[in-house]
Amino acid sequence: MNGQARALIESMPNDIGTEAVGPLSFDEAFTLHHRAVFRTARAVVRDSALAEDVTQEVFLRLYRNLNSTPGEDLLRAWLLRVTLNVARNTLRGQSRSMVRDNEYHKSTTETGFFVDAPEEDYERRQAIEEARRALDKIKEPMRSCLLLKQQGLSYREIAVSLSLKETNIGSLVARGRKEFARVYGKIGGKR
Amino acid sequence: MTRCLDEAKLQSYFDGELPIEQMESVTSHLASCANCAAAARELEEESALVMNALAMEFEASVPTERLRQRIDEAVLGDRLAVARSSETTRGLAGFFSGLLNFGAHRMLGYASLAVVLAFAAIVVVVKMKSTPPAPAPEQVASNLGTPAAKNTDSKAVTPATLNGSENTQSIKIQTPTAKSASNGNFRTVKYVVPSAPTPKPSPVKLLPGERSYLQTIARLDSTIQSNKKTMRPALQVEYERNLAVVDRAIAATRSAAKSNPSDPDAADFMFAAYQSKVDLLNTIADARVGGGRGH
């Protein structure tokens, strides 16, 4: 970084630093929620490299909106709401590429992210693919309800993430669950 | 016996989302209702199926360190962008507020505005190739590709001739704004025809009173240009960024004035824009001469 860039940073007002997000700092928010963000993004875009892009964008938005994000109790819901929006926008501009994901998977295997034996890896990826195909059959917002429920979000958080009424979440989860079980059974996932 | 449970309530019950008193009533109902108990078992099975099926999706490792690194870099880049854009914003804010209050001097945006207008003025003059109606002392000096305006000190206006003779427009020349020459120290002017978007004069007809501003701006611009190398890089960048915006604003006011020649407000607005450019050019020249930071 050159001197000018440093001077620019030093000249910035203090309030755009990584100060508290409610009681959480930006770093704490990342530490606590980056997994949920990344996994949700990957579940939507079906591509690990794209999911990294989405995760980066989500936390960049958190950084830019530190003063207007909700407190700790609803921060995860806010993050996942942004994640879903960014991921869907990303999908619109990208064709889903299993090839790319495979390449990513190969590269990350070399760096130790995935350590499954090849046959286990294959079975696992097949299972994931079956679940994804079943999910694709579920209509929104039930599909997102299932995804967020799987991440352990409360009904309130799901409602915030999806801009829905909290009182409707139970019904949506129930319908999504029924539909998923029906479709997944047909696909062959119910073994 | 209570009413049978709908699927939403049953789901909420298993998800632990019901208030405590409702949890108790559902528990007691399930113990006494075979239908609801069967539905509850089915729900549990399906929920387990969904959980297991989707668990694999979420079990894959997360590249935490790489994400942290990427986000740190992105945040750093964002901070730089914010810092830079804050300067630009100040410049643009100056431009727009100056339109309403053209006495403002410390707005960087006007610097860009002024430079653009100066270029535009030169292009207009050059392309007009018009013959001066008479040896008028206030006319802009500009021969294509040749230095024309001589150093004359702050109060003076360069006598000159305009190249070409096919354009026979009659242009009213007005005395230049005294303020515009306040910086003096004008040197030999070498006008450079810019590639930046400028009002296309084909044929160009200056509006009444417009030329004096153009003259003033051209002189100030030449002063600034001759010393541009000493200008802070950030200030130069500011110029470049604002050029397009500024040019559009000028073109708009000028177009409005041109299409409504009888509307004094339109002309006033255009002159206000011109005057503001002159003001800001002065500011920039002052900042440069004084070694200031320009804002």
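Helices α1(B) and α3(B) pack with their axes 11 Å apart, at an angle of about 60 degrees. Axes are lines fitted to C-alpha atoms over the stretch in contact, and angles run from 0 to 180 degrees between N-to-C directions. The crossing is right-handed, the near helix being turned clockwise from the far one by less than a right angle.

This is a predicted model: local features need pLDDT of at least 70, side-chain atom pairs count only at pLDDT 80 or more, and totals for chains, interfaces and linings use all residues. Residues are numbered from 1 along each chain, and chains are lettered from A in the order in which they are written.

In α1(B), Leu10(B), Gln11(B) and Phe14(B) meet α3(B). Their partners are Ala39(B), Ala40(B), Leu43(B), Glu44(B) and Ser47(B). Contact means C-beta atoms, placed from the backbone, within 7 Å.

Chain B also touches chain A. The contact takes 42 residues from chain A and 34 residues from chain B. Helices α1, α3 and α4 of chain B each supply at least two residues of that side. The largest share, 13 residues, comes from α4(B).

| α1(B) with α3(B) | five residues | two residues | one residue |

Asp, Glu, Lys and Arg count as charged; Ala, Val, Leu, Ile, Met, Phe, Trp, Tyr, Cys and Pro as nonpolar; the others, Gly among them, as polar.

Helix α6(B) is mostly covered, with 15 of its 17 residues buried (20 or more other C-beta atoms within 10 Å of their own).

How values were computed
Contact = placed C-beta atoms within 7 Å. Helix = DSSP H or I, 4+ residues; strand = E, 2+ residues; numbered from the N terminus. Buried ≥ 20, exposed ≤ 12 C-beta atoms within 10 Å, placed from the backbone.
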